[in-house]
Amino acid sequence: MTLSAPSHTPGNGPIPQQTRGKNTNTSTSTSSGSVKRRKYGPRTLVIAASAWMLAVIFIAPYLEMIITALRPADELRDRTYLPTSFEWHNLVDVWKESTLGDNLQVTLLIAGGATLLVLLVSLPAAYYTARVRYRGRKAFLLLVLVTQMFQPTALLIGLYREFHQLDMLNSTWTLILANGAFNLAFAIWILTAYISSIPAELEEAAMVDGTGRFGALFRVTLPLAMPGVVTALIFTFISTWNEFVMGLTLMTEPEKQPLTVGINNFIGNYTVEWNYLFAASVVAIIPVIVLFAFIERHVVSGLTAGSVK
């Protein structure tokens, strides 16, 4: 008897390996082609165009500031958007011919000192307020919120007389204490809200395992509350960095004034040195940009830090 090889017909018998491979590759290429040919809908395009428009609106003043800082002095009144040449030495001249370096150093000390002071005071106060239901707790939180309504300008005369009697005018510690006091209420309020949202059972479980109260605070609660801590630090640092009125009133010596007051010195009674004014403004925003570049990573990591395995 002669045996014949089975014929492979569609729907009858196994499919050969080569045929299966070809069909798989064909389906894969078809699916990848469909992905590549995916089109965005009108809604997505409108949102993207609106986002780009908002980005241009917000970036345009900074571009104008940088371009004006690099303009030659004889082209400051020209209506052309771009100058004929960029004077890069303006950034060097404004650093050498003014007290901008000393002002920047003073501002860094004041902003860093005030931020550290606020953190050291607000964190224990917020933790105790969030975990202990003591008498007068709501009244304390309400008082903290009310103090946010007082601006430094309204209390400026009293602050000047107080620091004058204490012989603390023209001192870096003066602005550290003043800025720390005005930003303390917001830090306590926001940290209390973050710590209250963290279950106390996590700390109790850590203390059962042998960790003390401070160990549970620093190992469990603080990592989970890191977004609130970073928010409070950013708010305090930026608010202190941009403060002007107290620096102008409490610091009278030019080399001891903060950066905001030092930049204002380029505005004279009859003339304004616009190129140097904008060059100093460019120098002033660089530390803030660097701070946000480092802080953004910590904000994202703080959202998942301290989670239970």
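Select Thr 107, which is located in helix 4. Helices here are DSSP runs of H or I with at least four residues, strands are runs of E with at least two, and both are numbered from the N terminus. Residues are numbered from 1 along each chain as its sequence is written, and side-chain values use heavy atoms, with hydrogens and water left out. The model is predicted: local features need pLDDT of at least 70, side-chain atom pairs count only at pLDDT 80 or more, and totals for chains, interfaces and linings use all residues.

Thr 107 has a relative accessibility of 3%, so it counts as buried. Buried means under 20% relative accessible area, exposed means over 50%, and partly exposed is in between, with a 1.4 Å probe and protein chains only. Show the residues around Thr 107: leaving aside neighbours within four places in sequence, it is in contact (heavy atoms within 4.5 Å) with Trp 241, Pro 258 and Leu 259.

Move on to Leu 259. Not counting residues up to four places away in sequence, Leu 259 touches Leu 100, Asn 103, Leu 104, Thr 107, Trp 241 and Ala 284.

Next, select Val 94, Leu 100, Trp 241, Leu 259, Ile 263, Phe 266 and Ala 280; in the largest nonpolar core, of 19 residues, these touch the most other members. The elements giving two or more residues to this core are helix 2 (42–69), helix 4 (100–131), helix 10 (226–241), helix 12 (259–264) and helix 13 (274–302). Which of the helices gives the most to this core? Helix 13 does, with eight residues. Another core lies apart from this one; it has 15 residues, including Leu 123, Ile 198, Leu 217 and Val 229. A nonpolar core is a set of buried Ala, Val, Leu, Ile, Met, Phe, Trp, Tyr and Cys residues joined through side-chain atoms within 4.5 Å.

**The salt bridges**

The structure holds two salt bridges, each a side-chain nitrogen of Lys or Arg within 4 Å of a carboxyl oxygen of Asp or Glu. Select Glu 203 and Arg 131 for one of them, where the closest N and O atoms are 3.2 Å apart. Glu 203 is in helix 8 (residues 200–208) and Arg 131 in helix 4, so this pair ties together parts 72 residues apart in sequence. Is Glu 203 buried or exposed? Glu 203 is buried, at a relative accessible area of 1%, whereas Arg 131 counts as partly exposed at 21%.

Then select Glu 253 and Lys 256, whose closest N and O atoms are 3.5 Å apart. Glu 253 is partly exposed at 29% relative accessibility, and Lys 256 is partly exposed at 32%.

Select Met 53, Leu 54, Ile 57, Phe 58, Ile 59, Leu 63, Tyr 81, Leu 82, Phe 86 and Trp 88, which make a nonpolar surface patch of about 1,100 Å². Patches consist of residues with over 30% relative accessible area and no salt bridge, like charges being joined within 9 Å and nonpolar side chains (Val, Leu, Ile, Met, Phe, Trp, Tyr) within 5 Å. Ile 57 is in helix 2 and is exposed, with 53% relative accessible area.

**The whole protein**

Zoom out. The protein has 13 helices and zero strands. Of its 309 residues, 31% count as buried. Among contacts with a separation of 6 or more, 72% are between residues 24 or more positions apart. The accessible surface is about 20,500 Å², of which 66% belongs to carbon and sulfur atoms; areas come from the Shrake-Rupley method with a 1.4 Å probe, and for residues only the protein chains shown count as cover.
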